[in-house]
Amino acid sequence: MRIGQGYDVHAFGEGDHVMLGGVRVPHERGLAAHSDGDVVLHALCDAMLGALALGDIGTHFPPSDPRWKDADSRVFLRHCNALLRERGWRVGNADVTVVCERPKVGPHAQAMRETIAADLGVGLDAISVKATTNERMGFIGRGEGIAALAACLLVAA
């Protein structure tokens, strides 16, 4: 077994939605990011990569590379999953926490779980997505951005 953890954060910017866990969530603002800014998938990718000491998402998908401009982060997740599989590992379970004041994550958490489970080829019971606020403290509490933390257990395939 191997365990990895990941963290990602993005500031709010122009737009009318945010991507979270591969799901389009309506919001009065978008996220400032090179790709689609999906903090859930970015944190999860970092957890997966970290578990195998393969660097971070920026190493595999550098923001300086124009190929990844506005990219769907599900491409990143599938790539990371392929790297695991090639090395004889699979995701045993993953737990993600979204930290934001808004948008409300709860109504979309099930869809996020389903999307992530499908992309990783694991059962729904292996994926957890939950949310918390920052109690109106700091940049997240002021509504300036959104963050996600992820933990991932890898098991031999």
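This is a predicted model: local features need pLDDT of at least 70, side-chain atom pairs count only at pLDDT 80 or more; totals for chains, interfaces and linings use all residues.
Glu86 counts as exposed, at 63% relative accessibility, while Arg87 is partly exposed, with a relative accessible area of 43%. Elsewhere, salt bridges that share partners join Arg74, Arg78 and Asp119 into one network. Side chains of opposite charge can pair when their charged atoms come close.

How many salt bridges does the count come to? The count is 9. One of them is between Glu28 and Arg102, whose side chains meet at 1.6 Å, N to O. Glu28 sits in the loop between β3 (23-26) and β4 (30-31), and Arg102 sits in the loop between β5 (89-99) and α4. The pair therefore ties together parts that are 74 residues apart in sequence. Arg102 is partly exposed, with 45% relative accessibility.

Another salt bridge joins the side chains of Asp70 and Lys69, at 3.7 Å from N to O. Asp70 is exposed, at 55% relative accessibility. Lys69 has a relative accessible area of 45%, so Lys69 is partly exposed.

Where does Asp119 lie? Asp119 is in helix α4, which covers residues 106-120. Is Asp119 buried or exposed? The relative accessible area of Asp119 is 11%, and because buried means under 20%, Asp119 counts as buried. Not counting residues up to four places away in sequence, Asp119 touches Arg74, Leu77, Arg78 and Asn81. Two of those names, Arg74 and Arg78, are the ones in the salt-bridge network with Asp119. As for distance, Asp119 and Gly145 are 26 residues apart in sequence and 26 Å apart in space, C-alpha to C-alpha.

Next, the chain as a whole. UniProt, in an unreviewed entry, lists residues 1-154 for "domain: 2-C-methyl-D-erythritol 2,4-cyclodiphosphate synthase". Over residues 1-154, the chain is 32% helix and 32% strand. The end C-alpha atoms of that stretch are 6 Å apart.

Now helix α1, residues 39-51. The helix has 13 residues, and at 1.5 Å a residue they should span 18 Å. The end C-alpha atoms of α1 are 18 Å apart, which agrees. How many of the residues of α1 are buried? The number is 12 of the 13, so α1 is largely enclosed by the rest of the structure. The buried residues of α1 include Val39, His42, Cys45, Asp46 and Met48. In general, an α-helix has 3.6 residues a turn, so residues three or four places apart point the same way.

His42 brings us to an annotation. In the unreviewed UniProt entry, "binding site" covers Asp8, His10 and His42. These residues span 35 residues in sequence, yet no two of their C-alpha atoms are more than 10.4 Å apart, so they gather at one spot.

Take His10 from that set. His10 is placed in strand β1, residues 2-13. At 16% relative accessibility, His10 counts as buried. Leaving aside neighbours within four places in sequence, what is His10 in contact with? The contacts of His10 are Leu31, Ala32, Ala33, Gly37, Val39, His42, Gly145 and Ile146.

Ala32 is partly exposed, with a relative accessible area of 44%. Beyond residues up to four places away in sequence, Ala32 touches His10, Ala11, Phe12 and Gly13. The C-alpha atoms of Ala32 and Arg78 are separated by 23 Å, and the two residues are 46 apart along the chain.

Last, the surface. Which residues form a nonpolar patch there? They are Tyr7, Val9, Phe139 and Leu149, with about 330 Å² of accessible area together. Phe139 is in helix α5, residues 138-141. At 35% relative accessibility, Phe139 is partly exposed.

Note on methods
Residues are numbered from 1 along each chain as its sequence is written. Side-chain values use heavy atoms; hydrogens and water are left out. Helices (H or I, at least four residues) and strands (E, at least two) are DSSP runs, numbered from the N terminus. Buried means under 20% relative accessible area, exposed over 50%, partly exposed in between (1.4 Å probe, protein chains only). Contact means heavy atoms within 4.5 Å. UniProt positions are given in the numbering used here, feature names are shortened, and annotations may be inferred rather than shown by experiment. Patches are made of residues with over 30% relative accessible area and no salt bridge: like charges are joined within 9 Å, nonpolar side chains (Val, Leu, Ile, Met, Phe, Trp, Tyr) within 5 Å. Accessible areas come from the Shrake-Rupley method with a 1.4 Å probe; for residues, only the protein chains shown count as cover. A salt bridge is a side-chain nitrogen of Lys or Arg within 4 Å of a carboxyl oxygen of Asp or Glu. The expected span of a helix is 1.5 Å times one less than its number of residues.
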